[in-house]
Amino acid sequence: MTNTLIKLDNIKKIFFTDEVETHALSNISLTINKGEYVSISGPSGCGKSTLLSLLGLLDTSTSGQYILSTHDVSSISKKQRAHIRNKEIGFIFQSFNLISDLDVEENVELPLTYRHDLTKVQRKEMVKNALEKVNMAHRAKHFPSQLSGGQQQRVAVARAIAGDPSIILADEPTGNLDSENAQAVMALLASLHAEGATICMVTHDPRSAERADRNIDILDGQIVSDKSTSKNSVEAA
Ligand SMILES: Nc1ncnc2c1ncn2[C@@H]1O[C@H](COP(=O)(O)OP(=O)(O)OP(=O)(O)O)[C@@H](O)[C@H]1O
Ligand SMILES: [Mg+2]
């Protein structure tokens with residue numbers, strides 16, 4: 001069965017800064033299947049964002065193997081990483097990370113402009129579809145500063161999904177939102193999941209973690225618990 005999207009084997013990440021060596025991740029082995037909704041929780045500094053950066057090819061591990069949809073991406077070049085990241089990964093950050101000089105439409109289109117397999121017409125269509133999905137099409141010409149936090153995050157979700165990535169990675173996506181907007185963003189992620197999206201979300205909010213069908217807990221750079229919450233999801237390797 002080739003239902004596996006991500007396979008991490010014995011991943012280690014050490015940060016070397018001045019005289020300090022930080023063992024951010026130790027011996028992480030993890031399999032994520034297509035269509036899963038995984039939450040990652042754990043105390044501040046335990047390695048959650050580091051793990052997400054590795055999964056999203058923003059950074060590389062110190063040792064260990066990473067297979068992303070049958071490709072070994074452990075030791076590919078920076079250029080190849082950027083290329084795969086752009087096509088396969090959708091990121092959602094706590095602080096939205098929209099570009100203030102670009103309007104909503106341009107923000108969503110930006111990652112697509114680095115893709116040489118898309119025409120301008122295709123890009124415009126993808127942007128339109130993504131904005132409709134997050135219910136922000138009516139704000140296409142607005143700038144980030146003219147939007148509420150919840151609206152900005154919905155635009156960031158549109159940016160993440162516009163290119164139809166293999167996986168959506170979200171790092172505390174509701175961390176900067178009030179509870180009403182947080183619930184709206186969580187509902188949006190749930191509906192994307194229901195349509196088949198694979199999601200891996202870092203959260204410290206137990207109510208958000210409950211939305212996922214698998215909960216992983218990290219402590220001191222190691223997975224200490226990995227539990228399925230629904231009978232439909234597949235156990236970790
Ligand atoms: N670029 C870096 N250089 C040096 N050390 C780093 C770097 N990034 C992270 N670390 C260290 O690695 C450890 C894990 O950090 P990480 O950001 O993954 O934690 P986290 O679980 O996301 O925490 P939080 O919940 O506060 O966001 C921490 O000790 C942190 O100081
Ligand atoms: Mg973090």
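The second largest pocket has a volume of about 320 Å³. A pocket is an open set of points on a 1 Å grid over the protein atoms alone, with protein on both sides within 12 Å along at least five of seven lines. A volume is the space filled by probe spheres set on the points, which are joined across faces, edges and corners. This is a predicted model: local features need pLDDT of at least 70, side-chain atom pairs count only at pLDDT 80 or more, and totals for chains, interfaces and linings use all residues. Residues are numbered from 1 along each chain as its sequence is written, and side-chain values use heavy atoms, with hydrogens and water left out.

**Second largest pocket**
- Its lining has 18 residues, and Lys133, Ile161, Asp164, Pro165 and Ala197 lie nearest the centre. Lining residues have an atom within 4 Å of a point.
- α4 and β7 are the elements that give two or more residues to this lining. Helices (H or I, at least four residues) and strands (E, at least two) are DSSP runs, numbered from the N terminus.
- The largest share, 4 residues, comes from α4.

**Largest pocket**
- This pocket holds about 650 Å³ of space.
- Of its 25 lining residues, Arg85, Asn86, Ile89, Pro111 and Tyr114 lie nearest the centre.
- α2 (78–88) gives the most to the lining, with 5 residues.

**Largest cavity**
- A cavity is a set of points where a 1.4 Å probe fits but cannot get out.
- The count comes to 1 cavity of 30 Å³ or more.
- The largest cavity has a volume of about 70 Å³.
- Its lining residues are Ile11, Leu54, Leu57, Asp59, Thr60, Ser61, Tyr66, Val73 and Ser74.

**Helix α5**
- Helix α5 covers residues 149–161 and has 13 residues.
- Of these 13 residues, 12 are buried, so α5 is largely enclosed by the rest of the structure. Buried means under 20% relative accessible area, exposed over 50%, and partly exposed in between (1.4 Å probe, protein chains only).
- β6 (89–93), α3 (104–113) and α6 (179–194) are among the elements that cover the buried residues of α5.

**Aromatic pair**
- The structure holds 1 aromatic pair. The rings of Phe91 and Phe93 have centres 5.4 Å apart and planes at 10 degrees, so the pair is stacked. Rings of Phe, Tyr and Trp (its six-membered ring) pair if their centres lie within 6.5 Å; planes under 30 degrees apart count as stacked, over 60 as edge-to-face and the rest as tilted.
- Phe91 is buried at 14% relative accessible area, whereas Phe93 is partly exposed at 25%.

Definitions and conventions
Chains are lettered from A and ligands numbered from 1 in the order in which they are written. The expected span of a helix is 1.5 Å times one less than its number of residues. Contact means heavy atoms within 4.5 Å.
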